[in-house]
Amino acid sequence: DDVPPAHVTAAVTAALEDLATSHTTWSRANARAAALRVVAPWPFRSPADRDEVVTDVVARMLDAALPLTPRNVMHTPRKFRLPDGTSSFHSALQELFTTREVFDAETRLLTAGDTITDLVVTVQSVDRLISAPTATGRILSDDQADAVTKIVRSGRAIDVLVGPAGAGKTTTLEKVRELWEADHGA
């Protein structure tokens with residue numbers, strides 16, 4: 001009763017922002033941890049009071065979030081239902097959520113990945129520069145040269161280069177930049 005509604009609303013906003021910047025998807029446990037971090041500086045009369053506020057903040061966070069875990073639409077016999085009527089086969093602990101902002105950002109990235117433009121590096125520039133050492137003096141491996149060629153010739157608004165640590169992603173992107181700037185400038 002001592003916590004003003006505006007403070008709870010601010011806690012929900014802060015906790016959701018915390019999750020959105022640290023997780024693309026998150027669980028109820030992540031939401032609870034974020035809520036606890038937000039209310040940590042607040043004084044409470046008892047741990048029970050703190051838990052009541054955190055429970056309220058988490059419930060409001062989940063109401064504002066986008067659920068990502070599909071619901072089982074199949075009928076669950078009564079003997080397999082929990083007291084609240086939900087299926088005992090559905091674990092709330094395994095549910096995943098995200099924020100609208102993260103979902104929208106991912107949608108924009110996926111759309112950009114499907115967007116083909118006519119901005120590419122010419123075949124002549126690739127042929128002329130692909131075997132030359134990078135500005136830092138490195139020579140590309142065959143796999144790196146292939147990745148560079150695919151990226152600079154794809155025409156996609158966004159390309160993704162994935163590889164383990166030490167695979168040469170930085171060197172590969174150094175060559176991508178060199179080729180791009182050779183045709184299109186800085």
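**Pocket and helix notes**

I began with the second largest pocket, which has a volume of about 190 Å³. A pocket here is an open set of points on a 1 Å grid over the protein atoms alone, where a 1.4 Å probe fits, with protein on both sides within 12 Å along at least five of seven lines; lining residues have an atom within 4 Å of a point. The volume is the space filled by probe spheres set on the points.

I kept in mind that this is a predicted model, where local features need pLDDT of at least 70, side-chain atom pairs count only at pLDDT 80 or more, and totals for linings use all residues. Numbering starts from 1 along each chain, and side-chain values use heavy atoms, without hydrogens or water.

Which helices supply at least two residues each of the lining? I found H6 (142-154) and H7 (169-184), helices being DSSP runs (H or I, at least four residues). The lining includes Ile-151, Arg-177 and Trp-180.

Next I turned to H1 (residues 5-22) and H3 (residues 47-64), which pack at about 60 degrees with axes 9 Å apart. The axes are lines fitted to C-alpha atoms over the stretch in contact, and angles run from 0 to 180 degrees between N-to-C directions.
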